[in-house]
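The sequence and the structure come next, followed by notes grouped by topic.

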Amino acid sequence: MVNMSSGAATGALEGWSHYCATKAGLLSLTRVTQKELVGSGIDVVGLSPGTVATGMQRAIRASGINPVSRLDWADYIPAEDVAQAVAWLIRDGAARHGGADFLLKSPEGRAEAGLTR
């Protein structure tokens, strides 16, 4: 099971109270569900992709509300990379990262998921 997590789960950003709170709750759910499913053959992992090039991020950029809105668009992660990471997690990676938040934006995470750019 892959839950779409976020750095907002552990890092508060002004103007995003609802988003940060729900991502923190999802991270806790990921951790506890992994514990509850031990021995079942089901692993639960969070995927924290980083800032992904989506319509939501375009709206955030336009808002100017916090530091995320000032990121350069060239630094955003393509949505296709997130899809590839999800496919890798459900095929190979979830067992190793069960109960954790897998960080796709780190060079190590990108390499482990088979992303070269």
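Two strands pair if DSSP finds at least two bridges between them. Helices (H or I, at least four residues) and strands (E, at least two) are DSSP runs, numbered from the N terminus. This is a predicted model, in which local features need pLDDT of at least 70 and side-chain atom pairs count only at pLDDT 80 or more, while totals for chains, interfaces and linings use all residues. Residues are numbered from 1 along each chain as its sequence is written, and side-chain values use heavy atoms, with hydrogens and water left out.

**The sheet**

- Strand 1 and strand 2 pair in the parallel sense over 3 bridges.
- Three strands form an open sheet in the order 1-2-3, with parallel pairing.
- Strand 1 and strand 3 stand at the edges with a single partner strand each, so one side of each has no neighbour in the sheet.
- On average, neighbouring strands of this sheet are turned by 35 degrees against each other, direction ignored.
- In a regular strand the side chains alternate between the two faces of the sheet.
- Strand 2 is covered on both faces: Val 45 and Leu 47 on one side, and Gly 46 and Ser 48 on the other, are all buried (buried means under 20% relative accessible area, exposed over 50%, partly exposed in between, with a 1.4 Å probe and protein chains only).

**Asn 3 in strand 1**

- Asn 3 lies in strand 1 and stands opposite Gly 46 in strand 2.
- Asn 3 counts as buried because its relative accessibility is 13%.
- Leaving aside neighbours within four places in sequence, Asn 3 is in contact with Leu 26, Thr 30, Val 44, Val 45, Gly 46 and Leu 47 (contact means heavy atoms within 4.5 Å).
- The side chains of Asn 3 and Thr 30 are joined by a polar contact of 2.8 Å.
- A polar contact is a pair of N or O atoms within 3.5 Å; within protein, one must be able to donate a hydrogen and the other to accept it, and residues adjacent in sequence count only if both atoms are side-chain atoms.

**Helix 1**

- Helix 1 (residues 17-36) has 20 residues and should span 28 Å at 1.5 Å a residue, which agrees with the 28 Å between its end C-alpha atoms; the expected span is 1.5 Å times one less than the number of residues.
- The buried residues of helix 1 are Cys 20, Lys 23, Leu 27, Thr 30, Thr 33 and Gln 34.
- Seen down the axis of helix 1, these buried residues fall within an arc of 160 degrees, so they line one face (the arc is that of the directions from the helix axis to the C-beta atoms).
- The buried residues of helix 1 pack against strand 1 (2-4), strand 2 (45-48) and strand 3 (101-103).
- Exposed residues Ser 17, His 18, Thr 22, Lys 35 and Glu 36 sit on the face of helix 1 turned away from its buried side.

**Exposed positions elsewhere**

- Ala 62, in helix 2 (residues 55-63), counts as exposed because its relative accessibility is 69%.
- Arg 70 lies in the loop between helix 2 and helix 3 and counts as exposed at 59% relative accessibility.
- Arg 70 and Ala 100 are 30 residues apart in sequence, and their C-alpha atoms are 28 Å apart in space.

Definitions and conventions. Axes are lines fitted to C-alpha atoms, for helices over the stretch in contact, and angles run from 0 to 180 degrees between N-to-C directions.
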